[in-house]
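Here is a short report for a first look at this structure. Start with the view below, then read on.

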Amino acid sequence: MAPLKRILNQRLVFYIVILPISGILCFSELFFVKEPQDVIIMRKESVILDCQVRGEAPIDVQWLKNGLKLVESERVYLLSNGSLFISEVENRRGDKSDEGFYQCLAQNKYGAILSQKARVTIASISAFAIQPTSIVVTEGSVARFSCKISAHPPPIITWEFNRVTLPLTTERITVLPSGVLQIYGVQQMDTGNYRCIATNIASRRRSVEATLTVTPAPSPQLPQRPRIITGPQNISVAVHQNAILECMATGNPRPIISWSRADSKSIDVYNTKVLGNGNLMISDIKPQHEGVYLCRATTPGTRNHTIASANVTVLAPPSLVEWPESLTRPRAGTARFVCQAEGVPTPQITWFKNGNKVHSNGRIKMYNSKLVINQIIPEDDAIYQCQAANDLGSVLSMARLIVVMSEDRPSAPRNIRADTVSSSAILLAWEKPLFNSDKVIAYSVHYMKAEGLNNEEYQVVIGNDTTRYIIDDLEPARNYTFYVVAYMPMGASRMSDHVFQHTLEDVPLRAPELSLTSNSPSDIQVTWQPLPDKLSRGHILAYRLSYRTSAENTVTQMELPGQKTQHLLQNLQPDTIYLLRLAAATSVGWGEPSAWTSHRTPKASSAQVPGSPELHLEPLNCTTIVSRWQLGQRNAVSVQGYKLFYHEESQPESAPIQLRASVKSHTISGLDPRKKYHVKLLAYNFVGDGYQADQTISTPSCVSVRDRLVPPPPPPHNVYAKTNSSTAVFLHWGRPAFTSNHRVNYTVRCNPVGLQNASMVLYLQTGEQSLVVKELKPNTRYEFAIRLHIDQLSSPWSPVVYQSTLPEAPTKPPSNVKVTLIEEDTALVSWKSPDEPNMSVTQYTILYASKKEWLAGQWQVVQREGTITMALLENLKPGQVYLVKVSASNNMGDGPYSPAVELTALSSAQNPRLSHDSTMFSEGFYHLDQKSMTGITIGVCIALICIIICVFVLVCRGKNRKFSTVKHYGPADASSSSAMVRRGSQEQAENVDVTVPMMNHFIDAKGGTNLMINSLGPVQPHTEKKSKWFSLNKRDKASSKSLQSNRQQTLQYQPGTTVLTYNEELSMSRDQPVSLEALLGRPTDTEGSSGSEGSHGTGDSGRYSHDEMELTNLSSGPESRPPSLTGEDSGDNGLNRNPSELKDATRTNMEAIDVC
C-alpha cells in the first residue's frame, strides 16, 4: 500500500503542478506549427496556404496579402484550422489578381506574431526575350545559337533542326539548359533552319527560325591561334542550384578547353562535369564553389592558349546566427534584443511588435542588428519578431518582453510646463508626484524634436532638490516635446504628460552657396539654394547681394526678397573678374555674408564657343561632392570636352580635370569635412574655352555637434575581393544590420600595397554593395577598404582586404637577344626579360631554323622556364645560316616573338677557335682553353710556393722563440754551484714543486712554449708534436754531439749582475743523456708553470711581468737564493758524487719531470 500511495501522490503533484507550468511555458507565447510555403499553380486551380498555430486560447488568425489585411470572399476564405483556401486562382490585373505575398497573423492575449512570407505565383511563360539569328560559318568551325525566355516555373529548352527535334547531347552538338545550341566541327549536312522550343506547365513557345549557312573551308587550311568566341559570364546562382559556364573556342588545330580557378584551388570533381566540348556545369552548388573560374583554350601540342574568366557568386537565403531572447525588465528600464543573420545578398533586418513594423523614435532605436528600448513603459509588453530577408527568402524569430510593475512606485510628475527663454534655451518646470514623492531620489528630463521621424531623444538627470531645469542646447526656430520621469530606489514612475514648445528665431548661421554663370559677355546669372532649417534658424525675410570688380573697392549692394533664389546682373564689363557675395536675414537680423566668389565674364568675341553649363553640386558625404551638369538647349556649338576646376576657399586653384564630351557628372573625393570649396566648370572646343560656371559648396561634418553622442554607423562587413582580369578586381561587401530610411552610399578606397604617394590613392563612390574596380595595373597586389555614409555620418573604414590582379600576357618580346656559336653544331642563345613593369613570365619559347627550313615553315622549338634566360641550340649543321627568335609567355597567353637573329654555323676548318682542344662548351659543362689553363696553373703554383715559405718562416720563428732565453753565469765557486745543483737535483727527484719557484727568475718567450723548467734549467718534455717536425728532429740529433763542446761558451757568469743572454741556438735529442751543462744551456719558461707555487701567469701575450727587484736579488749573494738551493736545507749535499752519478741523477730528474 505504501508504494501505491507514493505513486498516487507523485501523479497528483504532476497533474496539479507540472502540467500547469508546462502549459504556461509552452503555449503562453504563440508559435507556428505550419507556415505557408511558396507555390506555383495553374490558373483556375485551387490552393491551400497552411497556417497552424499553438498557444493559449483564444487565438485569432488573420491573413495579410502584400502587407495589407486580406478580405474574405466566397472564393477566398479561412479554414477551421487557420489555413487560407483559394478555390479558383485568378490572374487579373491590379488588386484582383491572386498573385502576391501572403502572411498569417496569429494573436492571443500575450501578443501577435507573423508567419514567414509565402509567394503565390501563377504559372506563365512570356515571349522570347532573345531570338536565334541566322549565321554563316566555315566548314569545320563552330556554330552557336541562343534564345532566352522568362517563365514560371523555369522552362525546358529544346532545339529543332528543320522542324525535327535535336538530341540534347551528341559528339558534335550540345544543348545547354540556358538555351544555347552549340555545334562543333560544322559540316555541310548541318545547313538548315534551327529554332528554340520552351516548355513548362503553362504552355509551349517556339522561337523564330534561324538559318545556318556553311561555306567551304579554304584549302590548305592555315594555322590559327586559339580564340574564345563565347566565354563564361559572371553569374549569381542560388545555393543547391546548378551553374553552367559556357566556353566555346575556335582555332586550327581545334583547341583543347580546360578549366581552373584563379585562386589555385582545386575544382570540386564530385559536383562538376563538362557538358559537350568545354562547358562547365557545377551541380548542387555550395558556398565553397564561389570564385573566379578560368577557361583556357590551348592548341594541342603547344603552349599557345588564351583565357577567359568569370566570377561565380553563390546566393544563400537568410539564416539566423543569433536569436533574440525573451526578457523581463522593470518599468523605465532598458531592453536589448539582438538578431544577427547571414546570407547572400546580406539580409535586411526588420523588427515587428505584435505583428506591426517597429519604427525608430526617441525611445526605440535599431542599429547593429539590435533593437534597444529605453524608458520601458507598460505598452512595451509585447511579442517582438526579428525578420531577416533577402531576394531568396526570409526567416523569423521571436521573443517576448515582460514589463514588471512596482506597486509602491511614485506617481508621475504633475503640471509640466515649458517657457521659451531664447533661440536655444527653454525653461521646463513641474510639480512633485502626488504619491510617494518623499521617496524620489532624482528626476529624468527627456526631450526631442517634435517634427520628423527617427529623431534622437536626449535625457538629462537632475537631483530631487529642484523641479525646474533649463535646456540650453536647442536649435533655433524648432518645436520640441518634453516629459519628466521620477525615480526611486525600487523603480521609476510613469512618464509625465508631454508638453510642446518652440525656440525663438536667430540670425542665419551662414549664407547660401552661390552659383554663377554667364549667358553673354555682359551679364552674370546668380543663383542659390534656400538654406536648410538648421542653418536658416528661422524664416528668411531678405537677401543682400554685393558685387564689385577685382580691381576696384567700390561695392554695389541690392536687397532681394526672401523667396527669391536667383538674380541676373546685367550691363557688366566683358572679360572682367567680378567678386560676389550674399547674406541672408531673419526677423532677428542679418547673418554673416558669404566669402567673395570670383567669376570672369566672357570675352566679347564673335567666335562660337560653348556656353556656360548648368552646374549642380551635391555633397554625397562629408568628404565627397558629386558634380552634375548639362548644356543649355540653345547651345548648338559642338563640344570637345570639359574642364573642371576645384579648390578649397582661400587656397590657390588647382590644375583642371579633363573630361570627355560624353561625361555629364564627376565625383570629387578626398575632401576635408566642414570646408568650403569653389568649383568651376567650362566646356571647350577647337575655337577655345567656353563660358564658365562657378559655384561654391560646403562639405558637411562627418559627426556634427548635435550627433556627437550618436555612435557612427558600423563599417561594411564581409568584404571580399575576386580578381576578374589583369586590370579589374570584383568587390562585394555586406551592409551592416541597422535600420534607416536614408540612402546609404559607400566609398571604396583602392591603392597598391606599399604606396608612398597618398595622391595616388583611388576613391570610388557607389550606392550598391558590389563594384568592379577597373584600370588597375597587372600583376600588382592591391589593398581595398570600404566605408559607408548615411545621413551625414561616416563609418570607420572596413578591415583591409588584399587581392592581386592577374598577370597580363606579355606585349613585348624578350630584349637583348644574342646568339653565340660555341661548337660546330652548338650555339648559345641568351636574352633578357621583356621590358615591361610587373610582368610575370613562366616560360620562354625559342624558335630556330635554317633559312631552308624557315622558308618551309619548319621551326624547331626549345622551351625554358621563366627563370632561365639562356639555352643551347644543338645539332646545328655546319655551313648553314640559322634564324633564332624568342618569345615570353605566362598563364594569360603568349607574347610576340623578338626580331629574328641570324647565326652562321662554321666548321672547324673555317673557325680554328672551334677545335676539339679549345672547346668552351661540351655536354653542358664549361671548359677552358689552353691559354686560360696555363695562366691558372702558374697562379696556383705561385700561391703554393708562398704558402710553403710562410709555413717555413712560422716554424722557424716558433723554434727560435723556444730557445730565445738562455742563462749566462760568470766564473764562480765551483763547489758552491756544484752543491747547489746536486741539492736541487735531489730534491727535485723527490718533489718537483720544490724546484718550480725557480721559474720566477726566467723570462717567458712571447707566445709560450711546452718546456718544463726546474732548478737545473729547461727540460724538454715528451710530446707527440715534436715527432711531426722530422726535419728539425734530425737537426737536433746531428747537433747533440757538439753540445758538450759548446756548453762552456754558453754558460758565462759575471759577478754582480743578473743577465740572461743568448749566444747560440741549441737543440737536444730526447734520446740522448742529458748533462747538467745541457740543462743549464737551454733555460726557458712554460705556460704550464702558472699552476706551480709562487709562479706568475703570463697572460695571452706570454710576457712575464715580475718585479725587477727580484731579478736584482738573484745576484746579490747566497742570501738571495731560494731556500731549496742552500746547503743548510739539505741533509745530503751530494758533493762527494762523481760526474757519472751526477749525470744519472740529472737523468732521473728529467724523467720525473717528463712523467709530470
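In which helix is L944 found? L944 sits in helix α4, which covers residues 930-962. Keep in mind that this is a predicted model.

L944 has a relative accessible area of 48%, so the residue is partly exposed.

## The chain overall

The chain has 82 strands and 11 helices. Its length is 1156 residues, and 45% of them count as buried. The accessible surface is about 60900 Å². Carbon and sulfur atoms account for 52% of that surface.

Take the contacts between residues at least 6 apart in sequence. Of these, 66% join residues at least 24 apart.

## A buried strand residue

Is V485 buried or exposed? V485 is buried, because its relative accessible area is 1%. V485 belongs to strand β46, residues 479-488.

Leaving aside residues up to four places away in sequence, V485 touches Q375, P413, A442, Y443, S444, H446, A492, S493, R494 and M495. S411 is 74 residues away from V485 along the chain, yet their C-alpha atoms are separated by 9.3 Å.

How many salt bridges are counted? The count is 24. One of them joins E246 and R144, with 2.5 Å between the closest N and O atoms. This pair links parts of the chain 102 residues apart. E246 lies in the loop between β25 (243-245) and β26 (248-252), while R144 lies in strand β14 (residues 143-146). E246 is buried, with a relative accessible area of 10%. R144 is partly exposed, at 28%.

R225 and D894 form another salt bridge, with their closest N and O atoms 3.7 Å apart. Here the partners are 669 residues apart: R225 is in strand β23 (residues 224-230) and D894 in strand β77 (residues 893-897). D894 is buried, its relative accessible area being 16%.

R544 is in strand β51 (residues 542-549) and E559 is in strand β52 (residues 556-561), so the pair ties together parts 15 residues apart in sequence. R544 is partly exposed, at 26% relative accessible area. E559 is exposed, at 54%.

Salt bridges can also join into a network: R43, K44 and E90 are linked in this way.

Terms used
Residues are numbered from 1 along each chain as its sequence is written. This is a predicted model: local features need pLDDT of at least 70, side-chain atom pairs count only at pLDDT 80 or more; totals for chains, interfaces and linings use all residues. Side-chain values use heavy atoms; hydrogens and water are left out. Helices (H or I, at least four residues) and strands (E, at least two) are DSSP runs, numbered from the N terminus. Buried means under 20% relative accessible area, exposed over 50%, partly exposed in between (1.4 Å probe, protein chains only). Contact means heavy atoms within 4.5 Å. Accessible areas come from the Shrake-Rupley method with a 1.4 Å probe; for residues, only the protein chains shown count as cover. A salt bridge is a side-chain nitrogen of Lys or Arg within 4 Å of a carboxyl oxygen of Asp or Glu.
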